[in-house]
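Try each task before you read its solution.

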Amino acid sequence: MLELIVISTLNGVLYGMLLFLMASGLTVIFSMLGVLNFAHASFYMLGAFFGFQISHWFGFWPALLIAPLLAGAIGAAVERFGLRRVHKNGHVAELLFTFGLAFAIEEIVGIIWGKVPVDYRQPDILDFPAFTIFSTNYPAYKMFMLAVSVVIFIGLLLALKKTRIGLIVQAALTHPHMVGHLGHNVERIFMLVFGVGTALAAVAGVIAGPSLVTQSNMAALLGPILFVVVVVGGLGSLSGAFLASLLIGLLQTFAVSINASPASLFGPLGPDLATTWLNDIWNVTVAQIAPIMPYLLLVLILIFRPMGLLGTRET
């Protein structure tokens, strides 16, 4: 039992930090621009495939630097030549644009790299066990993923709260005309924020690609959970996204490791109910419903605290 708790906690924290690394960019974009970017997970996928291709040519470490820059440049171009043009038509137009962009990116990736998973491997220098717990070797690469996520969280928080650039960016959201009168280019600020947000998603793709499966539908697999993280944490709250990511990562990881069901705890149903649909529900294990646990948490949050864990607004 102790081994299960320790290993599940480590895996849950790692998965949660990976979720935060992806959700942080989405949170920054929403908090600064008010745009809920449906294509955000697609930039995570682009980061993974860019990382795979560049690491094949030059190695993993150049890929870790170049791939997010490429994805961020594409994101900035999307804001400059796409979102900025549809922004005047309201949020529905923005959602439709990013929704269509997600499909377009997935198809382009499928055309270039194919539909089957690619052989994206972790660097040899990190291919060793970092430590051993209960005869289980924990990979050094996973610790590297965790360290990158923590550093980015601290860096983002300091940049937004303690630096002049962060203050300008936050002021541009609430008082764009005043920021413009002070001599700052508000449109350029928004473009850079969108580019940085997509670059953060690409960083997650570069470091998660060797650990997870890098394939053309990876954005669709992880995309919905990002919006759960953002809503549960509170729209626009970076600290809330961090807390929600850890909570969801631990919740889902522990749920997967639990095979208990009502039948195993309280015994089988009586003969009258054994042949009904209630018997199927009675035998469902916690591990079987683990994928929907975050969405159940989302429903509870929307019912009892619509503004999210650390959010300050309900709309």
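**Exercise 1.** In this predicted model, find the helix that holds both Phe99 and Phe103, and state how many residues apart they lie.

*Solution.* Step 1: locate the two residues. Both Phe99 and Phe103 lie in helix H4 (residues 91-113). Step 2: take the spacing. They are four residues apart, about one turn of the helix.

**Exercise 2.** Classify the aromatic pair formed by Phe99 and Phe103.

*Solution.* Step 1: check the distance. The ring centres are 5.2 Å apart, and the limit for a pair is 6.5 Å. Step 2: check the angle. The planes stand at 75 degrees; over 60 counts as edge-to-face. So Phe99 and Phe103 form an edge-to-face pair. Step 3: look for partners. Phe38, Phe99, Phe103 and Phe227 form one aromatic cluster.

**Exercise 3.** Are Phe99 and Phe103 buried, partly exposed or exposed?

*Solution.* Step 1: recall the cut-offs. Buried means under 20% relative accessible area, and exposed means over 50%. Step 2: apply them. Phe99 has 43%, so Phe99 is partly exposed. Phe103 has 48%, so Phe103 is partly exposed too.

**Exercise 4.** A search of the whole structure finds 15 aromatic pairs. Classify the pair of Trp61 and Phe144, and say which helices it links.

*Solution.* Step 1: the ring centres are 5.5 Å apart and the planes are at 85 degrees, so this pair is edge-to-face. Step 2: Trp61 is in helix H3 (residues 60-86) and Phe144 in helix H5 (residues 140-162). The pair links distant parts of the chain, 83 residues apart. Step 3: Trp61, at 40% relative accessible area, is partly exposed. Phe144, at 16%, is buried.

Methods
Residues numbered from 1 in each chain as written. Predicted model: local features only at pLDDT ≥ 70, side-chain atom pairs only at ≥ 80, totals over all residues. Heavy atoms only, no water. Phe/Tyr/Trp six-rings, centres within 6.5 Å; stacked < 30°, edge-to-face > 60°. Helix = DSSP H or I, 4+ residues; strand = E, 2+ residues; numbered from the N terminus. Buried < 20%, exposed > 50% of the residue type's maximum accessible area, 1.4 Å probe, protein only.
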